Amino acid sequence: MAEDFSTDGMLDMYLFENGQLLEQLQDMVLDQKDADCFDEDSINEIFRTMHTIKGSSGIMMFDEITAIAHKLEDVFYYLRESHPDNVPHLELVDHVLEVADFISNEMDKIRNGDPADGESGQIIEELDKFLNKIKGGGDGGDKGKKGAKGGAAAEPPANVHEPPKQFYIAPMATSASRFYRIYIYFYPETEMSNVHAYKSVYALKEIAEDLLYYPEDIISDPDTANTIIKDGFKVLLQAQCSEEQIREIIGVGYDIEKVDVVECNAMEFQQGFDIENGDAPQIPQIDLESSVEEIDARTQEGEKEEKTEESKPAKPAIAPGDFVIKSKEPGKQKKLAKDKPKGEKASFISVNISKMDQLMELIGELVISESVVLQNSDLKVPGLNLDNFNKAAAQLSKISTDLQNVIMSMRMVPLANTFQKMNRIVFDVSRKLGKDIEFVMVGEQTEVDKNIIEHISDPLMHIVRNSVDHGIESKEERRDSGKSERGKVTLSAKTEAGKVWISVEDDGAGLDRDKILAKARRQGLLDDSKPDSAYLDKEVFQFITLPGFSTNEVVTEYSGRGVGMDVVVQNIQAIGGSLEIESKKGFGSIMSLKIPLTLAIIDGIVMEVGKSSFVMETGAIKEFVRVKEEMMIHEPNGEEYIMIRGECFPVLRLGQWYGLDEYKESVEDGVMLILEVEDRKVCLLVDKLIGEQEIVVKPIPSYIKKVKGLSGCTQLGDGSIALILDAAGLIE
Amino acid sequence: MEEMSELKRQVEEDQAASNEHDTQKGKYMTFKSGNEYFGLEIQYVNEIIQLQAITAIPETEDYIKGLINLRGKVIPVVDVRLRFKQPPFEYNDRTCIIVINIKSMMVGLIVEKIAEVVEIKDNNILPPPSIGRADKAHHKYVYGIGKVGDSVKLLLDPDKLLNDEDLSVVEQANEMNNDEE
């Protein structure tokens, strides 16, 4: 169930990412507010931003934000597809900013632990009007469809139809806690007493260990104001404070006529408002009970049995979308019961990345100064007795090497978290679409640099969503085509040939080559003189990564507008990766992200040619051999081969290849490395091997043009720089 | 009275702000390469370091000497003399690397000798003289000639210095050679 996922980290991520997106959006919009219209890029960008916000808000169940982002996306979808030229630009800017403000507002509320209770209805209505205006009387069918969609999106004010969002404060058991029943009466002439009541609740939250109140939906339902005026506002509070303190917190002001605080015991507390509130509406009552159950369950030992005993099936404790607020914890005890059973979890702290970078730099400096000390020319004076110094120096080197290894491994994070997020997406999307999907994760322990994880999680989300939404067919279609009803999506990760491969494989319908080609031709992407058959599958599938290219006819909440794949490719390219698409119609598709190991740590063999050091990934090396001159075969055209145990390999002399100085000419002086990449083998001649070590790959500065066979550089223990050889590049 | 102090405060603030901005303005790091003195606006200069071990990169232009490790950061270094197609020189104690930062890209410039930081007023900066056919090329990375007392400094546009196409380098080199003759 969805409840099993912890949303805490996701919520932080959501707020952080969307906060950034909104900032960029506003900057861009404001930048162009004086222009006559948005240019193509910004339209695409705004559209994508809204798409992303819509997607992530959908997952986090912030319906109002989803709805409003969807609406704005609709508007920009129209702008992008139809290029209307009668758009009142300033009005559009206003609308975009209004939406951005609304979303940031909601996010602020979420961040502060308040419910996101804004009403998007009005803004959506305005957007609808605006959309209709720029559409003019235009095309019927399309508009009908869109209208219907808009209607659906605008419909919510989610609070109306959905069960009221509730406010839980995670209860804690402390013996010092006291229970209070609080009645707050407002002056009858108080306007919007529900808001005033909320103010009190908000204030009480500061001290509350557990807090329930009635009426429940004071925030979303203005009608509760009347109830509050009539019957008073009732609060059940568990806290470690005295009656006076409570009175002080609520404070009798111009609005509150009277506050009654009655202390009660735990039993009474758990009975909630039932005693005098028999006529309370059904839903809140159930909610109250379930909350009580929760308190029960959490505060007592043997949590699980307790829950099963409590045979009230009313409703599982917390529904997704309700706001769970962890109360402030007065002491150590407040480890929530929820965490208890998990027991042996490693503990983590999050550290600002910039501090890590700084640490890394400092350690780099330390290593350099270390070598300066240890190889200091003052030590070379003959006749010095350096035994003790050498011992101490060895110890120092060991520590600094360890230190370096630790800092490097600190940046590595397993992909498990990211994969878990995808699991959640598959779950949500498949449920909404009524598909039955098995989600398999392979290699989620693969460690990837933190920076890379940040960059791939969005693209991965799009790909997974695509796979579920239009990769996997509906149950009926699957049955008809003789597949099992249950679709399968496999998410796997591995490191190979110095790259991280992350692939999403589904056994769905696959890509329709003909359809893609037809659309590409319509959009004028193909060379008219070339027949369809001249395009390779690979080339054809790459079309789906272009902006605005979607073969899905129906726009859904999840995909089909042709954003997504272009964002994916953009983000992947930004970190120097690539996307490969394989697909077979009727059998499914595989989307593979190939991420370079920029910043990843690899095991490498350090070797020397002439005066230069090189590193080769250990995985690419099959074996080392010392060879004899007579094993060489020279072709007249200068190419060389070598026979090793009856097998013939092409030979590459690294020194010669790169035109280095002072490399060893004779094969007998050097060492041969047999490299293997994707079944192709080559022998590489180097002068000597230095050793194996873990290395952190750094990109070669972009100022230097790409050199074939080099994939990066790294810093060796002595502070010098070694170039990393790319086996695949050398074999080519 | 209040207005007065308010006004005064504001003036002071403005001055402070403009001072901060001005400390770097009009100052140039000068260095010697060949027979000429060149100047770089000081805002581009990150630091000056001693020559250190350079890891050569194969298959690059000869003026790109390779990579150095600057406290864990890998930065490329460019030999300014070779960049100007002047004859190479032997590196010695006085050889320095000026680390410059352009558009958040760090690059080291190997120069024969650091001279000094000089202040050149805008009115002492002349556009480069355009002699004959070479005028186009010259405008590429020497954007002005600064007068300091009796001497002149060729003021470099670091962005163009690093990124100009090779073609113009050749032309400029020809011109330089002509100048030397």
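This is a predicted model: local features need pLDDT of at least 70, side-chain atom pairs count only at pLDDT 80 or more; totals for chains, interfaces and linings use all residues.
Start with the pair H2(A) and H3(A). Helix H2 of chain A covers residues 40-60 and helix H3 of chain A covers residues 63-82, and their axes come within 8 Å of each other, crossing at roughly 155°. That angle makes H2(A) roughly antiparallel to H3(A), and the crossing is left-handed. On the H2(A) side, the contact uses Ile43(A), Asn44(A), Ile46(A), Phe47(A), Met50(A), His51(A), Ile53(A), Lys54(A), Ser57(A) and Gly58(A). H3(A) answers with Ile65(A), Thr66(A), Ala69(A), His70(A), Leu72(A), Glu73(A), Phe76(A), Tyr77(A), Leu79(A) and Arg80(A). Sorted by class, this contact between H2(A) and H3(A) holds 11 nonpolar, six polar and three charged residues.

H3(A) also packs against H4(A), at an angle of about 165° and with the two axes 10 Å apart. These two helices are therefore roughly antiparallel to each other, and H3(A) passes H4(A) in a left-handed crossing. Here Glu64(A), Ile65(A), Ile68(A), Ala69(A) and Leu72(A) of H3(A) meet Val96(A), Val99(A), Phe102(A), Ile103(A) and Glu106(A) of H4(A). The class count for H3(A) with H4(A) comes to eight nonpolar and two charged residues, with no polar ones. Ile65(A), Ala69(A) and Leu72(A) turn up in the contact with H2(A) and again in the contact with H4(A).

Next along is H4(A) with H5(A). Helix H4 of chain A spans residues 89-111 and helix H5 of chain A spans residues 121-135; their axes come within 11 Å and cross at roughly 155°. From H4(A), the residues involved are Glu91(A), His95(A), Glu98(A), Val99(A) and Phe102(A), and they meet Ile123(A), Glu126(A), Leu127(A) and Phe130(A) of H5(A). Five nonpolar, one polar and three charged residues make up this contact of H4(A) with H5(A). Val99(A) and Phe102(A) are part of it, and both also face H3(A) as contact residues.

H16(A) has 22 residues and reaches 29 Å from its first C-alpha to its last, close to the 32 Å expected at 1.5 Å a residue. Still, H16(A) is not straight: a kink of about 35° lies at Ile456(A), shortly before the proline Pro459(A).

Finally, the two chains touch. In chain A, 20 residues are in contact with 18 residues of chain B. Helix H13 (353-374), strand S23 (710-715) and strand S24 (721-725) of chain A each supply at least two residues to the side of chain A that touches chain B. H13(A) gives the largest share, four residues. By class, that side of chain A divides into 10 nonpolar, six polar and four charged residues.

Notes. Residues are numbered from 1 along each chain as its sequence is written. Chains are lettered from A and ligands numbered from 1 in the order in which they are written. Axes are lines fitted to C-alpha atoms, for helices over the stretch in contact, and angles run from 0 to 180 degrees between N-to-C directions. Two residues are in contact if their C-beta atoms, placed from the backbone, lie within 7 Å. Ala, Val, Leu, Ile, Met, Phe, Trp, Tyr, Cys and Pro count as nonpolar, Asp, Glu, Lys and Arg as charged, and the others, Gly among them, as polar. The expected span of a helix is 1.5 Å times one less than its number of residues. The bend at a residue is the angle between axes fitted to the seven residues ending there and the seven starting there. Angles under 35 degrees count as roughly parallel, over 145 as roughly antiparallel, 65 to 115 as roughly perpendicular and the rest as oblique. A crossing is left-handed if the near helix is turned anticlockwise from the far one by less than a right angle, and right-handed if clockwise.
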